[in-house]
Amino acid sequence: MNVRSPTAPQPQFPSGAAYAEALQHTQLCFRHPELKGARPDLTKLGLPRAISGAFASVFSLTSATSGQRYAVKCFTRYVPDQERRYQAISARLARLDRAELSQPWNLGFEYLPDAISVGQERYPVLKMEWIEAVTLSSWLDDNHADRFAVDRLADRFAALTRDLSQHDIAHGDLQHGNLLVAGDDTLRLVDYDGMYVPDLAGLGGTERGHRNYQSPLRGNDDFGVELDRFSAWVIFMSLKAIATDPTLWNRLHQPSGEFLLLTEEDFSSPGGSTGLQTLLAHPDQVVSGLADRVRSLAFQPLELLPPLSDAIPKQRTAAPAAATASAGPTAAASGSAGGLPGWMMTGHVPSPAGPAPTAIVSTSPDVFHGRTALDVVTALLWPLLLAMTGVLLMAGLPMPTAVAGAPVAAALLLTAFARSRRVERAEARAALAVLTQQLGQLDEPVKAAEKLREEKEKFESAESKRSAAHPKEQDKLTARYQAELKEAEERRIRKQRDIDKKIDGLAEELRKALAKALTDKQNAYVRDRLGRRLIADAPPHGIGPTLAARLAAVGIRSAADFTGYRTVQNNSFNSTGAVLVLSNGRLVNVTGIGEAKAIGLDGWRRDVVASAIARQPKALGIAERNQIEQGIARRRAQLTDQRRALEPDIETLRVQARKKLEDDRSRLTRKHTLAGQQAARKRQEFSQRTVALKQNSAIHESLSASVEAARRTRRRLAYAHYVRFIYVGR
């Protein structure tokens, strides 16, 4: 066991059991009128029910005067500046206008110094408003399938964080156990031990918050308005994810788990996190986007994290008509669904290690002093018993050997009994037992020294690697910055080339557009002229009214309705016929139209086409040409504007890359500085352990010598020494 260096004494507080014993008589232990004579909730054994953590025990008491139920927090460990902290927190919360809050999340409490008497001393307590509510995780167990209710609760949580941010308040330990959901589905915030308010700036924090909700970069010295930012994002992301996909609760949450969807390991090692990867790969963009945001925030210093209130649209939720209700058995149950919050059950500060053993100076006599009556009787009986044995042997009587030796055995037993009753022997045995126990509590010096040496070597090796890695990490940041600049410049050049190519092609594009427009205009003119030449009005040679009617019956009324003919073989007459080709490509057979008449009909159409082509427009009109040229001009202007915008866009990328480089360098510097400070503290710890090891070695050597001396003392109180003592007195 290592010897600790001496520290300043701290006030000692009673245990939870001591408080429970005192609370059996609230009429005597309390002075406060609301608590004096109050009735505590009892266990099945009739004792006050204590919900204990590492630094406090909480009891539920019902006032005998008002009937109001309170949660009374009794402290079992010392917290620096405790009274000042609670007074500052209470004063700040009292100034809040509940009408301006999104919901009545803040519970009333009163810090009462010297409130409870335990033994001969008096100690402070925290008298808190009792709320009928369930923890966030318990509420999700029952309601996670109600997507609307969960989504509404997520918005109310965002509104709560906005309330805190707007008033420069940070709770310090936002987590499922400190967020209670009331009957109207509004939130209540409990456990204000680590709360930050402006009047506490500069004091430093008292805890680091629940590990499954805190940034890996949060340190013991972090204490400011930014404390809640990472945990707020984690909780909001979890609620929004469950509202989007309720199956995530059963997939990622463990029954009675001290987290919602993600744990500390998911933040510190996102690459190997199954839970985080599940959220990042979720098909819903809200879920994957929030998960990616949390992943990126996990490696940023707290002071650089954006408040959740800055990113969520402001929404107001109606405050409930009543914030409190008389407590029922659910609220009082410890550790069950709907029970009291986790801060009432589990503390955040580890218990201190026990004190190092110190050598107890134990002295014991190494000789017998002062004969007692029993010693005198033993001295008288010894020769008588030995003489009796001699008489029996000299008489020569036939008897077993055991009978003849019985007096000698009796003499030996009597002497052993008398020796065991000597106080010197008992003191020597007790002294040896104490020294042996103390020696067993100490670490063996050689092994402890070897362990310390190995730890120091391992630490220094890791520290050397870390120090050597720092400039390499800086070089990586610079190389990445230069690569981003190069990529941005190459992107600008590529886009410029593409735009220039498009601008150069506008002349050809104009030529093609004008040519196409003229062709379309000419084709439309020809189609119009063909449609106007009706067969019935001016039939071709050989086409009479009967054939004209037959042609109209199959859809051929004008020169526009057919495109030509095809010859066919008439097998029955062994002759050649013809079918006409409609403008849609379909073939029709018209009775009376043979090959000769089809040729004449096709020639007539060709003449009509030639006449139309001869009269078709040879150029576009001024308006038509201007419309096309204006379109090309607009296209040229758009491309020119795009080309001009390239440089500002690229400059924006350069500025962003530069800012990212500076931010990353600052983060890396802070990380390196923090690691250096931690290394200095670690080296100081090694120095303290070295000193303690030397002290431990000296104590070990002293105790070993004392144990050996105690053994020699016991040997000087042996059986033969006692026999001599009862006859000669020394």
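Modeller: Let us begin with confidence: pLDDT is the predictor's confidence in each residue, on a scale from 0 to 100. Helices are DSSP runs of H or I with at least four residues, strands are runs of E with at least two, and both are numbered from the N terminus. What you see is a predicted model, in which local features need pLDDT of at least 70 and side-chain atom pairs count only at pLDDT 80 or more, while totals for chains, interfaces and linings use all residues. Residues are numbered from 1 along each chain as its sequence is written, and side-chain values use heavy atoms, with hydrogens and water left out.

Biologist: Which elements of the protein chain have the lowest and the highest mean pLDDT?

Modeller: The lowest mean pLDDT among the elements, 33, belongs to helix H12 (residues 329-332), and the highest, 96, to helix H6 (residues 229-244). For the protein chain, the mean is 81, and 84% of the residues reach 70 or more.

Biologist: Where does pLDDT stay under 50?

Modeller: One such stretch is residues 1-7, for which the model has 18 contacts beyond four places in sequence, a contact being heavy atoms within 4.5 Å. Another is residues 313-362, with 125 contacts beyond four places in sequence.

Biologist: Next I would like to read charged pairs. How many salt bridges does a search of the whole structure find?

Modeller: In general, a salt bridge is a side-chain nitrogen of Lys or Arg within 4 Å of a carboxyl oxygen of Asp or Glu. Here the search of the whole structure finds 34 salt bridges. In one of them, the side chains of glutamate 508 and arginine 511 meet at 2.4 Å, N to O, and both residues lie in helix H18 (residues 506-532), three residues apart, about one turn of the helix.

Biologist: Are glutamate 508 and lysine 516 buried, partly exposed or exposed?

Modeller: The rule is that buried means under 20% relative accessible area and exposed means over 50%, with partly exposed in between (1.4 Å probe, protein chains only). Lysine 516 is exposed, with 54%, and its side chain meets that of aspartate 520 in a salt bridge (3.0 Å, N to O). Because lysine 516 and aspartate 520 are four residues apart in helix H18, about one helical turn separates them.

Biologist: Which residue does lysine 521 meet in a salt bridge?

Modeller: The side chain of lysine 521 meets that of glutamate 624 at 3.1 Å, N to O. Lysine 521 lies in helix H18 and glutamate 624 in helix H21 (residues 622-716), so this pair ties together parts that are 103 residues apart in sequence. Elsewhere, salt bridges that share partners join Glu489, Arg492, Glu647, Glu651 and Arg654 into one network.

Biologist: What about a charged residue such as arginine 85, and how far away is the nearest side chain of opposite charge?

Modeller: For this reading, Lys and Arg count as positive and Asp and Glu as negative, whereas His and the chain ends are not counted. Arginine 85, found in helix H3 (residues 82-94), is buried yet has no salt bridge, and the nearest side chain of opposite charge, aspartate 81, is 4.6 Å away. Beyond its neighbours within four places in sequence, arginine 85 is in contact with Pro80, Leu200, Leu203, Gly204, Thr206 and Phe223.

Biologist: Finally, how many residues does the largest nonpolar core have?

Modeller: A nonpolar core is a set of buried Ala, Val, Leu, Ile, Met, Phe, Trp, Tyr and Cys residues joined through side-chain atoms within 4.5 Å. The largest one has 98 residues, and Leu93, Ile116 and Phe157 are among those with the most contacts inside it. Helix H6 gives this core its largest share, 11 residues. A second, separate core of 22 residues includes Leu530, Ala559, Leu580 and Ala612.
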